[in-house]
Amino acid sequence: MMRVLQTYPETISDGIGLRYSIYFAGCRHYCRGCHNPDSWRADRGMLLDETYFQQIIQEIQQNPLLDGVTLSGGDPFYDPEALLSFIKRLKNETKQNIWCYTGYVYEELVLDPITQDCLAYIDVLVDGKFEQEQKDPTLYFRGSTNQRVLLLQAGKIVKELHFPAQGVKKSR
Ligand code: SF4
């Protein structure tokens, strides 16, 4: 079962528009310069049991101003099977637009049937490890130039999204 480090019911820095962000515990990428090494341990935070899940769903459903939900961490793909059952229910029960941050690249995620299934519920995937040598604080929604903001449809890449290189700053 997944564990949640933190939720942000309204944020504008984790994707387009006003979003509900969920930060999951657990990451195996160990990027140098990681914004939050405390998130690497999978035993941190709160267990995402049914009660907590329902609380999150309710908070999302009760906010008509939201443009979407963002999954971050840690790496939401730390436990792909748990992510798949979570993201399926999240999508079905909220119908929200879903952004997901991960240290894996899209091409890795399509190799495994479980992670590939997860992609079908994700509208925008921000992929790749944070590379300190390619860090650029002017980028929107990503921390280093190797990372991509990918618009997906039914798990396939539609296009890479590019944003003007000024304004909202994201530190990962
Ligand atoms: S993928 Fe993200 S959370 Fe994991 S080590 Fe890299 S920057 Fe940190």
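Predicted model: local features only at pLDDT ≥ 70, side-chain atom pairs only at ≥ 80, totals over all residues.
Which residue in E4 is the bridge partner of isoleucine 22? To find the answer, select isoleucine 22 and look across to E4, where leucine 71 is its bridge partner.

**The whole protein**

Display the complete chain as a cartoon. The secondary structure comprises 4 helices and 8 strands. Followed along the sequence, these elements give the pattern β-β-β-α-β-α-β-α-α-β-β-β. The radius of gyration is 15 Å, close to the 16 Å that the globule rule gives for 172 residues, so the protein is as compact as a globular protein of that length. Along the principal axes, the C-alpha atoms fill a box of roughly 40 × 30 × 30 Å. Of the 172 residues, 35% count as buried. Consider also the contacts between residues at least 6 apart in sequence: 67% of them join residues at least 24 apart.

**The sheet**

Next, select the strands. The 8 strands form an open sheet with mixed pairing, in the order E3-E1-E2-E4-E5-E6-E7-E8. At the edges stand strand E3 (46-47) and strand E8 (156-161); each has a single partner strand, so one side of each is left without a neighbour in the sheet.

In general, the strands of a sheet pair through backbone hydrogen bonds, either parallel or antiparallel. E2 and E4 run parallel and are joined by 6 bridges. E4 also runs parallel to E5, with 3 bridges between them; here valine 69 stands opposite isoleucine 98 in E5. A further parallel pair consists of strand E5 (residues 98-101) and strand E6 (residues 124-127), joined by 3 bridges. Within that pair, select tyrosine 101 and its bridge partner in E6, valine 126.

**Strand E4**

Return to E4 and show its side chains. Is this strand largely enclosed or open? As 6 of the 6 residues of E4 are buried, the strand is largely enclosed by the rest of the structure. Gly68, Thr70 and Ser72 point one way from E4, while Val69, Leu71 and Gly73 point the other way.

As a general rule, most residues other than glycine have a negative phi, and most peptide bonds are trans.

- The peptide bond from glycine 73 to glycine 74 is cis, with omega near 20 degrees. Glycine 74 is found in the loop between E4 and helix H2 (80-94).
- Tyrosine 30, in the loop between E2 and E3, has a positive phi of about 50 degrees although it is not a glycine. With 10 C-beta neighbours inside 10 Å, tyrosine 30 counts as exposed.
- Lysine 95, in the loop between H2 and E5, has a positive phi of about 60 degrees although it is not a glycine. Lysine 95 has 10 C-beta neighbours inside 10 Å and therefore counts as exposed.

**The ligand**

Finally, select the ligand and the residues around it. Which of the 15 residues around the ligand come nearest? They are Cys27, Cys31, Cys34, Gly103 and Phe130. Colour the shell by residue class to see how it divides: 5 residues are nonpolar, 7 are polar and 3 are charged.

Notes: Residues numbered from 1 in each chain as written. Near = placed C-beta within 6 Å. Nonpolar A, V, L, I, M, F, W, Y, C, P; charged D, E, K, R; others polar. Pairing = 2+ DSSP bridges. Helix = DSSP H or I, 4+ residues; strand = E, 2+ residues; numbered from the N terminus. Rg over C-alpha atoms; globule rule 2.2 N^0.38 Å. Buried ≥ 20, exposed ≤ 12 C-beta atoms within 10 Å, placed from the backbone. Contact = placed C-beta atoms within 7 Å.
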